[in-house]
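Hello,

I am handing over the structure we spoke about, with notes on what was found in it. Please look through it before reading on.

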Amino acid sequence: MAGLDRASAVPVPTEITLHQQTRRLELAFDDGQRFVFSCEFLRVLTPSAEARGHGPGQETLQVGKRAVSILRIEPVGQYAVRLVFSDGHDSGIYSWDLLYNFGRHQDTLWQSYLDLLAAAGASRDAA
């Protein structure tokens, strides 16, 4: 990050805590922000190309993920983590910037997901 002043740098987590029983991932960032995500939220909003596609209109709606949990958190360099989910999904790389933005816009992102699910007649529960 040479050349960047701290004000323009991406906030970095100082704590990452997986709460297995409640299926929640908690992150505290170096700017004082703290966010708590459900495993389901992180799974359905995976940044992986498998779910997001390679361009607009190629997204695959993630359904039936209410009971998913995170099995492992693997560091990816100094900028991200790979989350390994109980449904076998493990190809999403969650950068600090992405996780921070997820936290800042969590309510809107979640409502958009629920709206897409409803429009598709799909369920958060596994078939």
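Does Phe 41 count as buried or exposed, and at what relative accessibility? Phe 41 has a relative accessibility of 1%, so it counts as buried. Please keep in mind that this is a predicted model.

Aromatic rings

Searching the whole structure gives 8 aromatic pairs. One of them is formed by Phe 35 and Tyr 100, in an edge-to-face arrangement with 5.5 Å from centre to centre and 85° between the planes. Because Phe 35 lies in strand β3 (residues 34–38) and Tyr 100 in helix α3, this pair ties together parts that are 65 residues apart in sequence. Phe 35 and Tyr 100 are both buried.

Phe 41 also has a ring partner, Trp 110. The two ring centres are 6.2 Å apart and the planes stand at 45°, so this pair is tilted; edge-to-face would need an angle over 60 degrees. Phe 41 belongs to helix α1 (residues 39–44) and Trp 110 to helix α4 (residues 106–120), so the pair links distant parts of the chain, 69 residues apart.

Phe 35, Tyr 100, Phe 41 and Trp 110 are among the members of one aromatic cluster, which also includes Phe 29, Phe 37, Phe 102 and Tyr 113.

The nonpolar core

The largest nonpolar core has 23 residues. Those touching the most other members are Phe 37, Leu 42, Leu 83, Tyr 94, Leu 99 and Phe 102. At least two residues of this core come from each of β2 (24–29), β3, α1, β5, α3 and α4.

Apart from neighbours within four places in sequence, Phe 37 is in contact with Arg 23, Arg 24, Leu 25, Leu 27, Leu 42, Leu 99, Phe 102, Gly 103 and Gln 106.

The sheet

There is an open sheet of 3 strands in the order β4-β5-β6, and the pairing is antiparallel. Its edge strands, β4 (70–76) and β6 (93–95), each pair on one side only. From one strand to the next, the twist averages 30°. Strand β5 (residues 80–85) is joined to β6 over 3 bridges in the antiparallel sense, and Ala 80 stands opposite Ser 95 in β6. Helix α3 (residues 96–104) packs on this sheet, where it touches β5 and β6, and its direction makes about 75° with that of β6.

Regards

Notes. Residues are numbered from 1 along each chain as its sequence is written. This is a predicted model: local features need pLDDT of at least 70, side-chain atom pairs count only at pLDDT 80 or more; totals for chains, interfaces and linings use all residues. Side-chain values use heavy atoms; hydrogens and water are left out. Two strands pair if DSSP finds at least two bridges between them. Helices (H or I, at least four residues) and strands (E, at least two) are DSSP runs, numbered from the N terminus. Axes are lines fitted to C-alpha atoms, for helices over the stretch in contact, and angles run from 0 to 180 degrees between N-to-C directions. Contact means heavy atoms within 4.5 Å. Rings of Phe, Tyr and Trp (its six-membered ring) pair if their centres lie within 6.5 Å; planes under 30 degrees apart count as stacked, over 60 as edge-to-face and the rest as tilted. Buried means under 20% relative accessible area, exposed over 50%, partly exposed in between (1.4 Å probe, protein chains only). A nonpolar core is a set of buried Ala, Val, Leu, Ile, Met, Phe, Trp, Tyr and Cys residues joined through side-chain atoms within 4.5 Å.
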